[in-house]
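Dear colleague,

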Amino acid sequence: MKKLIHNMLRAVLVVLVLGLSSCQEEYEEVGGGSEDQAITANSSTAVLIEKTSSNDGSYDNIVDRASCFSIQFPYTVNVNGVGVTINSKSDLEVIEEIFDELDDDDDILDIVFPIVITLSDYSEVNIENQEELEALARECLEGGDDDDIECIDFVYPITLFTFDIQNQLTGEFQVESDKGMRRFFADLDDNQLISIEFPITLKKYDGTEIVVETNAELAAALETAKNDCDEDDDNDYNDDDFTEEELDALLVACPFQIRQVIRDEIDNTEQYVEYLLTFSEDGTVYMSTFTLDQIMGTWSTSMTDQGVVLELNFENFSDFSGDWYVYELEEGVIKLYKDEGNRVVLKKRCDIDPSDDIDGETFVALLKECEWIIKDVTSQGEELKRLLGYEFQFMADGVVTLGNGVNTMEGTWEMGLNSQYRLSLMISIGEEPGVSFEWPIKEMFEKRLEFKIDETGDEMKLLRVCEDSIDDNDIPEIRNIALGGTWNIALYQEGEVDMTSSYEGMDFNFSTDHQVEVSINADPITNGLWRVLRDSDENLKFYINFDTDDELAELTEDWKIVSVTTTQIKLTDETDDGVVNTLVFEKP
């Protein structure tokens, strides 16, 4: 049955061809209602088919500077003295990365010959040297006017038929690729008749597909698609093919951090490294720093023969004011240039809200004004309870101490930018690696500081303590009660489990140096740290910290104070899984 249908199809095609006149114009009628299904090999429709199936040589223009041919993989190039083997299209990005490492150097690329190039008709030519390559490149048309049509593609397979001058079917061919299509037409005589088995599918540059049923529909679709997209046939490999509208949308999406400023060949980057540019849709742009200093200016974009231009205007701020050509958009980086020796590089920072920027000077003043107690510190996913309640003191000479009231460690501190250019508190205490990091500032409040290293998840929270919190009457009152003699544990309960008996006979004595001594029958068995603080949520907390290898380590916690009398201190703590633990001290 399948064979019978196939033979019938051939017979129909033959009849159609016999009904055609010898006038070529009948094959070329587009939109005139003709349903003729045969074309000649030199017809305008055939030319459109050839252009659509031609080899696109523009993807490697960074190497050969020619869109009408491409270099066959693999081959080797020397880029600014670095040898690079090109095995695929993705390897071409390595060349651009090397070129982009420095913006003010001379980029030099040398091809290691011999090479083989593929022309638009997929024929191959051996090239022995640079002179031969340049001679062929000069024959290519620049500016996007080369022969191929890249904005639309055939969806294969496609079946083609050929006929002789007596209109007899001479061949049936199934084409599987652009190369097969282009070579098929290259082997035909100019006046040979070809027929296409419709319907066929075409895929446009944006991924949408269209189905055509006739030669007229096919010719119209290919002709229309010729100028539907930017074929990137010019030799400006660094243009990244963006429009003015795309640049505008990118600029207002997020703040941009200044990563490089070169004016008149002088590198001024260091003085701007903390600055942000925030673009608004109303044409205003704010230049701000981490200290909340702001300078308002205006911005606009325009399209010129040299590409998109970003105009910036800041009063009395010449380093940035002027017309800047945008020569690259890549992974959130915008590169600007004007004249010789003037460059600005901006990095998109969606993780920063300029309205929440940290006032660096205020932060340093706040840091040195009082002592700071560790409320929580996490390193590599582990909560370091051994540091709970330890006290930082940041001094003006860059010295920092960390102590528990008896033992004190010393190191250094400074404010600066980490490797991600985020304002950070940099602490180095050799004896305590758990806090020796570059801590990016997450939040700053009058009584609380929070830091977080996004890459590792490490976090630290500090609470401010000034002169024993004399402005908070509750804190000294509770401290004085705790200092008033010996205490025993009347209740220690983890959820529903009563573990009070584990502490039977232990006496707890809280001293003014933040130490708590534990003894049995007047014989000391261990020491720990204790503090009374009010946290940033205005909760009164009773901090207890015993060493992790101590038998009392399970008491280490920032306990919430429930009630305090001269004879009883009741504390609770809710764990992450919702279990409430209870600790009650009573006078014996």
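Arg 182 and Glu 50 form a salt bridge (a side-chain nitrogen of Lys or Arg within 4 Å of a carboxyl oxygen of Asp or Glu), with the closest N and O atoms 3.3 Å apart. The pair links distant parts of the chain, since Arg 182 belongs to helix α7 (residues 178-186) and Glu 50 to helix α3 (residues 44-52), 132 residues apart; helices (H or I, at least four residues) and strands (E, at least two) are DSSP runs, numbered from the N terminus. Arg 182 counts as buried at 12% relative accessibility, and Glu 50 counts as buried at 17%, where buried means under 20% relative accessible area, exposed over 50%, and partly exposed in between (1.4 Å probe, protein chains only).

Please bear in mind that this is a predicted model, in which local features need pLDDT of at least 70 and side-chain atom pairs count only at pLDDT 80 or more, whereas totals for chains, interfaces and linings use all residues. Residues are numbered from 1 along each chain as its sequence is written, and side-chain values use heavy atoms, with hydrogens and water left out.

The structure holds 11 salt bridges in total. Another of them joins the side chains of Lys 385 and Glu 557 at 2.7 Å, N to O; Lys 385 lies in the loop between β24 (382-383) and β25 (391-394) and Glu 557 in strand β38 (residues 557-564), so the pair ties together parts that are 172 residues apart in sequence. Here Lys 385 is partly exposed at 31% relative accessibility, while Glu 557 is buried at 13%.

Best regards
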